[in-house]
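Reader: I would be grateful for a close look at a single part of this model. Please give one connected account of it.

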Amino acid sequence: MSGQISELSVSLWRGGKSGRYQTYSVPRRESQTVLDVVTFVQRHLDPTLSYRFACRVGVCGSCAMTVNGRPRWTCRTHVGKVADNGRLEIGPLANLPVIKDLTTDMEIFFRNWQKAKGAFVPSQTRHEPIAQIRPDSPARIAADAAIECINCGVCYAGCDTVRWNSGYVGPAALTRAWTLVNDERDGGNTARLQAVAADGGCHSCHSHQSCQELCPQTLNPTAAIAGLKRRTAAAYLKGEIEA
Amino acid sequence: MTARLTKHRDSALWLAAMVHRISGLALAIFLPFHFLALGLAIDSDARFESFLRWTDQPLVKFAEGGLVFLLAVHLLGGLRVLVIENFAWRDGQKQLATLAAAVSVLIAVGFLARVF
Amino acid sequence: MNVRLYVWQRATAAVMAPLVLGHLAVIFYATRQGLSAADILARTRGSIVWAAYYGLFVAAASIHAAIGIRNIFSEWSPFNERQAGFLAILFGLLLALLGARAVAAVVLS
């Protein structure tokens, strides 16, 4: 895109579940990010706009929104990369209830994390020696490849199976579970495998791989879920878990 | 209507997953009719024979080519899923998915060449 | 979709992969030879191999298709999980019955 466009035409979702897109004119600046654009609207054009952000530098995951049809971190999306002919359409993340304008209610996203048993279960006390985990063990390599999830919700928003299946816990919750399945220190894996083997767990995934395409941390939830499918199938066939 | 989510569906892999599902659905719908046709042989060889002659029509042969394509693409799509779920692949998957579709087309074309 | 259905889905798929290849070969052969009904039935009537091969195929396909249909119902239709499961079982039974009848039609004299 050339530097000749001096103004952006920015359509922002206003309202809750129902509402409409409202269009604003925002001056185009160099190295502008989509978050800069949204911030400009709220500060200079319409203070009633609601949106979320925190770090502004791509480490917190708060600013994820749908930008021209794709869920992204707005603070790390340069306008030049996405604005077709100086136009931007920005809405809240999909697959989540809208609170107002560009903010969504992420409660179900975090509840699914719990449902998939994505919380560490200790197996020792402070009196035992510290566990020695080799960073080059296959399990630790697998966990490390999936550990950097900051729960931004982009994968959840981009997943068609989440959209079609209200019981599906989603890629992020399962990725988190996968890191713990691979954590030698964790003592809760039977219950965890049982949880992800149930309806709405890892087997609901159809490997569309949108999550892997979209993850701003370049994680691969499809691969994590595939790992869970293997582990749960083995556990089921061995009688360690039930359907 | 809120945010219009569209761009992620441009992916070849997403399309492969959809083709897999739709081909499976089409085959599932086709199967009862296939079984009923074969079941004609219960009544008499003659009924089965007249059905087979009906399938000689060019339009039916085209449809059969389509079915062969669906069968092949569903099988290859299934192999794609088995590969994703059992090997940590990432690179080259798109090419594989395209190759699978191409091979299916070849098989279907081969079938059509035989019957016409 | 849970681990039990998943295992059955993958297992029947694995069983059917070679059966499908064989079926494609049969299709190509039959169409190339331009076989008539009498030709086909002469080969299939009384054949244990035919009965076993296609009997297995019908069983596996009925289970596999039913589970697949269940997924489609639960994701793309207004039915809930239980209804989807029920409809899928009905569909699976339909396929199994019609399929068994078709195998019997060509194998039994």
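What share of the contacts in chain C with a separation of 6 or more comes from residues 24 or more positions apart?

Author: In this predicted model, residues 24 or more positions apart account for 73% of the contacts in chain C that have a separation of 6 or more. The secondary structure behind that figure consists of four helices and zero strands, and the order of elements from the N terminus of chain C is α-α-α-α. Chain C is more spread out than a compact globule, because its radius of gyration is 16 Å, well over the 13 Å that the globule rule gives for 109 residues. Its C-alpha trace spans about 50 × 25 × 25 Å along the principal axes. Of the 109 residues of chain C, 33% count as buried.

Chain C also touches chain B, and this contact takes 24 residues from chain C and 23 residues from chain B. On the chain B side, at least two residues each are supplied by helix H1 (12-43), helix H2 (45-54), helix H3 (58-86) and helix H4 (93-115). H1(B) gives the largest share of that side, with 12 residues. By residue class, the side of chain B that touches chain C divides into 16 nonpolar, three polar and four charged residues.

As to confidence, chain B averages a pLDDT of 80, and 84% of its residues score at least 70. Within chain B, H1(B) has the highest confidence, at a mean of 89, whereas H4(B) has the lowest, at 74. Where pLDDT is low, predicted coordinates should not be read in detail.

Key:
Residues numbered from 1 in each chain as written. Chains lettered and ligands numbered in written order. Predicted model: local features only at pLDDT ≥ 70, side-chain atom pairs only at ≥ 80, totals over all residues. Contact = placed C-beta atoms within 7 Å. Nonpolar A, V, L, I, M, F, W, Y, C, P; charged D, E, K, R; others polar. pLDDT = per-residue confidence, 0-100. Rg over C-alpha atoms; globule rule 2.2 N^0.38 Å. Buried ≥ 20, exposed ≤ 12 C-beta atoms within 10 Å, placed from the backbone.
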